[in-house]
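Try each task before reading its solution.

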Amino acid sequence: MSSPPQERVFHGVPTAPGVAIGEVFLYRHDVPQFREFRIPPEGRERELARFRQALQETKRQLTDLRDRLAVQAGETAARIFDAQLLILEDVEMLGRIESGINKSGVNAEVLVSRVTEEYRDKLAKLEGSFFHQRAQDVVDIGLRIVKNLLGLSDASIGPIDRPHILVADDLLPSDVIHLMRENVVAVATDLGGAASHTAILTKSLEVPAVVGLKEVSRLVKTGDQIIVNGNSGKVIIHPSPETIPEYEAKREKYQLYVTSLEDIEKLPAETLDGVRITLNANIELPNEAKSAIAKGSDGIGLFRSEYLLLARRRLPNEQEQYEDYRRVIELSAPRPVTIRTFDVGGDKMFPELPTPAESNPVLGWRAIRVCLDHPQLFRTQLRAILRAAVHGSAKIMFPLISGLDELHELLEHFNAVKDDLRGERIRFDDKIKIGIMVELPSAVLQAGRMAKEVDFFSIGTNDLTQFTLAVDRGNERVRDRYKPLHPSVVQLIAKTVLAGHKAGIKVALCGELAASPVATMLLVGLGLDELSVSPVALPEIKKLIRSMTFADAKAFANKAQKIQSAREMEAFCSKSMKKRFANLPIWF
């Protein structure tokens, strides 16, 4: 008689909060089987037609999936399928498949698989999460086209008739159809990171998830007991009889915590001693503004306008942009909306703006550099924002400013656009506030001077951390060295706040650090006027702000700034916050 399997604990990347206990549903991708055969010359036109019909069916399926997901989980999750639809318009890739059918006479299934595998391999060799995600997209599209060529159903697993925890090596974007089922109560995968497709989808669908577990899918089978803790990143397979009650208590505690946040959206983000912190939301598309305001946001602290390009898959004209900006401004009114000008390039490639091949695109042609090199694109956007701003309250924010030279250059364009609108007698907001994102150490060093020429600063800690520590956060080899709580980063934040306040302007922070509960007391104590977070994080960060005094937060930040080690800084923030706020889910 064999002994029962031993409990094993794994640590991964938590991507969606919650605690789940249940049985494994082991999911493996269904790879369609087909054979290679030759098409005679007279049949090749029919084979091309068969391929084109499968391509159209693939586009139809992805569009349908995108629209369904947008309704159920929001535009952020649905945007994944915009990227896939863009790949389906790749002239070079489609041309190679059609050329192969015409010249070699090989059947379409073989050529689709061969070409998409080559593209996947090229992308997989490039460092960074963006390229790994695109490799995933190419694989997903290839499988979908082949299935449509073979007339196979999109569903690759049967019904899940009772609650299960989905365990897989990885999830492709189209696997979201399984996540949308009621009986999938959590997800655990071997691969993936904080910015992966799985992370985006599970967070949007509010399914507890842990990714990056390396080998969990090889060590379980369907029906095994498993625990997924999306708060801490811990996954336990074959839990012991003593462990299960412990996590049942954690699950109940988390549910009570979520209930405690239900009415907090009606309250201000104000400390116990009366200091008001503006708590804004980061959004990507206009229709997300309404839900952000409903969750208690004071306004929109970051509207990522570049996603208007990606959603359309073409450059929108001035009137189209005006309508989009007007919509988000009116939906948010009377609350303010901060619109960031296009931050394209780097990991956000757009077909109508051909991006040069770069060994390190994060350090390359992106953000304000693209706009300044394409003044017509830049001025069209500025005209649209200035016109739309009369319908409510808006601000303009410029990304990745390295110093005074770039600031002066963009201000020349900004003032020229205002002069043009005046000359054309077009109504616009002549007193709109403008600010810059402080994302580079060079910007911090010139913050005192630049603060005299703008109305506000907004610190982008994602890039500020990358450039300060020379760490690409999308590179898994150095991911552990990406530390937003590094003492150097904390000091740069403090210097920026000091420079802004000395010049009499407000300083916001809109990077991912703003949504980290471990950092909230530190950020408040450093004197930041505004924090801007993803809408889902609003209730938790607001509850924290309302549970501390500004005096305590300031003393906390003063202690933190004396710490010299990143490890000590993380330990100090974590232990101190756990002592003060033991009911936070990250401790569950």
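Predicted model: local features only at pLDDT ≥ 70, side-chain atom pairs only at ≥ 80, totals over all residues.

Residues are numbered from 1 along each chain as its sequence is written, and side-chain values use heavy atoms, with hydrogens and water left out.

**Exercise 1.** Work out how strand 10 is placed and which strand it pairs with.

*Solution.* Begin with the range: strand 10 covers residues 300-304. Strands are DSSP runs of E with at least two residues, and helices are runs of H or I with at least four, numbered from the N terminus. Next, check the cover: four of the five residues are buried, so strand 10 is largely enclosed by the rest of the structure. Buried means under 20% relative accessible area, exposed over 50%, and partly exposed in between (1.4 Å probe, protein chains only). Then find the partner: strand 9 (residues 278-283) pairs with strand 10 in the parallel sense over three bridges. Pairing requires at least two DSSP bridges between the strands. Finally, Ala281 stands opposite Ile300 in strand 10.

**Exercise 2.** Find out which residues of helix 7 are buried.

*Solution.* Helix 7 spans residues 197-205, and seven of its nine residues are buried. Among them are His197, Ile200 and Leu201.

**Exercise 3.** Locate Arg473 and decide whether it is buried, partly exposed or exposed.

*Solution.* Arg473 sits in the loop between helix 17 (461-469) and helix 18 (487-502). Its relative accessible area is 31%, so Arg473 is partly exposed. Now look along the chain: Ala195 is 278 residues away from Arg473, yet their C-alpha atoms are separated by 9.6 Å.
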